[in-house]
Amino acid sequence: MNKLILKNVRPFVNGKFEEPTTMNLVDGKWVGEAVSDAKEFDAKGALAIPALFGLGLDFKEPLRDDIYTFRDGVDAMRRGGFFGGLYESIANPIDDSLKLTAVQQLAAKSGMKFAFMGAFSMGYQCKDLSEMVELAESGAVGFGDGNQNCARTRFLRLAMEYGSMTGKRFFFMPLDDSLRHHGLVHEGSYADTLGMKGIPRIAETIAAFKILEMARFLKVPVHFKQVSCGETLTLIENARKNGVDVTCDVDIFHLLIDDSCLFDLDSHFNVAMPFRAASDREALWKGLESGVVDAISVNHDPVLRQDKEVNFEDAVPGAVSLEVALPAIWKPLCERLSAARAVELLSTAPAQLAGVAPMSLSVGGQASLVLLDPDSSVKVNPSMFAGQVRNCPLLGKEIPSKILGSYLGGLWTEV
């Protein structure tokens, strides 16, 4: 039997953290009676938070297992306290049932709970439709664009009409490719000062408006990934009032970083959706407070060191986040919202968006959790990351909390 005793721990039960107590964990369950011959860990008042669910995971295997593997990804999930995630591989488009079956078998060995996003076009090329009905029957929870932003309006209509037969949600990163026009950063004063090509806000809002109009016309549910500016949230709010079934998430780093980071010319800030102005970052926080934003995403996208540690303009976009997401965002979330809302945004809501049962802690139930010391800061260093990658915008920065360990599927991982 797999046994663990957590002493002086504060579990999150019924929407709040209890006073320090002892949790006896046996084979993945929180049992009420004392256990013997168990490993003991003194949490010293740390928080036992229900394990998290990550939106936007890409572990690169098999086509780019030189970058990262499923094993690396699962290691990162254990370090960060994630019991599962929504998987959409940009490197490996899931555009037929055979590919879906292959990645399902790969994930089955991990012990984690994954949901899988099918591609609505073959190879994310927006030239030929994928077999969406077949993918849905094989277990795909929705259909994504692979963050490629290449769909012409007519192709978008054809894809959503065909996909509507499945009742599944479409997931888009709203960014008009022609307006982006090789831009790398937010179009604003920092980009102007540095002489860098900018991506205007309308590249996001025009793409979002087009998708929302198509969703309204065809009555298809849609989700926006990595919303980065306040105007998009306004469009989403108005669309909901008009009956459109639309959900959205914001990326963890966009809540922590704005485009003032560009003065460092650090290529780790080169990500798919650009960091916007401080006013946009504040708008995203207000979207969390008002409830317009449904969940916080992690968008874990590994990049080889030789492709990231180069000039900003030459770097491959992408950032890893699983290992640092919780300790980086927990304190700001609790200060601006509440602990209960933080758990909802990081665990419950992302899981529900992917159709996965969320985690909760109760005596006698399953007990997947992450142990967090909310008051011990830590410097982000390369050894914190799984695999050989470390492409994280927070590398070298101090974050306000520290993960002590995770208990996922009955396995204790001490960090």
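Mentor: A term to begin with: helices (H or I, at least four residues) and strands (E, at least two) are DSSP runs, numbered from the N terminus. Also note that this is a predicted model.

Trainee: Fine. Where is Asn92 found?
Mentor: Asn92 sits in the loop between β8 (82–87) and α2 (97–108).

Trainee: Buried or exposed, that Asn92?
Mentor: Buried, because its relative accessibility is 10% and buried means under 20%.

Trainee: What does Asn92 touch, leaving out residues up to four places away in sequence?
Mentor: Lys60, Glu61, Pro62 and Leu63.

Trainee: And which backbone oxygen lies 2.8 Å from a polar atom of the Asn92 side chain?
Mentor: The backbone oxygen of Lys60.

Trainee: Next, Phe82. Where is its place?
Mentor: Phe82 belongs to strand β8. At 2% relative accessibility, Phe82 counts as buried.

Trainee: Which residues does Phe82 touch, not counting those up to four places away in sequence?
Mentor: The contacts of Phe82 are Leu52, Phe53, Gly54, Met77, Met112, Val298, Leu322, Ala325 and Leu408.

Trainee: How many Å separate the C-alpha atoms of Phe82 and Asn242?
Mentor: 35 Å, with the two residues 160 apart along the chain.

Trainee: Now His181. Is that one buried or exposed?
Mentor: Exposed, because His181 has 55% relative accessibility and the cut-off for exposed is over 50%. His181 lies in the loop between α5 (177–180) and β12 (185–186). C-alpha to C-alpha, His181 is 56 Å from Lys39, and the pair are 142 residues apart in sequence.

Trainee: On to helix packing. At what angle do α7 and α8 pack?
Mentor: Helix α7 (residues 202–218) and helix α8 (residues 230–241) pack at about 15°, and their axes are 9 Å apart. That makes α7 roughly parallel to α8, since angles under 35 degrees count that way. The crossing of α7 past α8 is right-handed.

Trainee: Which residues meet there?
Mentor: From α7, Glu204, Thr205, Ala208, Phe209 and Leu212; from α8, Glu231, Thr232, Leu235, Ile236 and Ala239. By class, this contact of α7 with α8 has six nonpolar, two polar and two charged residues.

Trainee: What about α4 against α7: what angle?
Mentor: About 40°, with the axes of helix α4 (residues 153–163) and α7 11 Å apart. So α4 is oblique to α7. α4 also passes α7 in a right-handed crossing.

Trainee: Which residues of α4 and α7 meet?
Mentor: Thr153, Leu156, Arg157, Met160 and Glu161 of α4 meet Lys210, Ile211, Met214, Ala215, Phe217 and Leu218 of α7. They divide into seven nonpolar, one polar and three charged residues.

Trainee: Last pair, α12 and α13. How do their axes cross?
Mentor: The axes of helix α12 (residues 325–336) and helix α13 (residues 339–353) cross at roughly 140° and come within 8 Å. α12 and α13 are therefore oblique to each other, because roughly antiparallel would need an angle over 145. In this pair, α12 passes α13 in a right-handed crossing.

Trainee: Which residues make the contact?
Mentor: Leu326, Ile329, Trp330, Leu333 and Cys334 come from α12, and Ala339, Ala342, Val343, Leu345 and Leu346 from α13. By class, the contact of α12 with α13 has ten nonpolar residues, no polar and no charged ones.

Terms used: Residues are numbered from 1 along each chain as its sequence is written. This is a predicted model: local features need pLDDT of at least 70, side-chain atom pairs count only at pLDDT 80 or more; totals for chains, interfaces and linings use all residues. Side-chain values use heavy atoms; hydrogens and water are left out. Buried means under 20% relative accessible area, exposed over 50%, partly exposed in between (1.4 Å probe, protein chains only). A polar contact is a pair of N or O atoms within 3.5 Å; within protein, one must be able to donate a hydrogen and the other to accept it, and residues adjacent in sequence count only if both atoms are side-chain atoms. Contact means heavy atoms within 4.5 Å. Axes are lines fitted to C-alpha atoms, for helices over the stretch in contact, and angles run from 0 to 180 degrees between N-to-C directions. Angles under 35 degrees count as roughly parallel, over 145 as roughly antiparallel, 65 to 115 as roughly perpendicular and the rest as oblique. A crossing is left-handed if the near helix is turned anticlockwise from the far one by less than a right angle, and right-handed if clockwise. Ala, Val, Leu, Ile, Met, Phe, Trp, Tyr, Cys and Pro count as nonpolar, Asp, Glu, Lys and Arg as charged, and the others, Gly among them, as polar.
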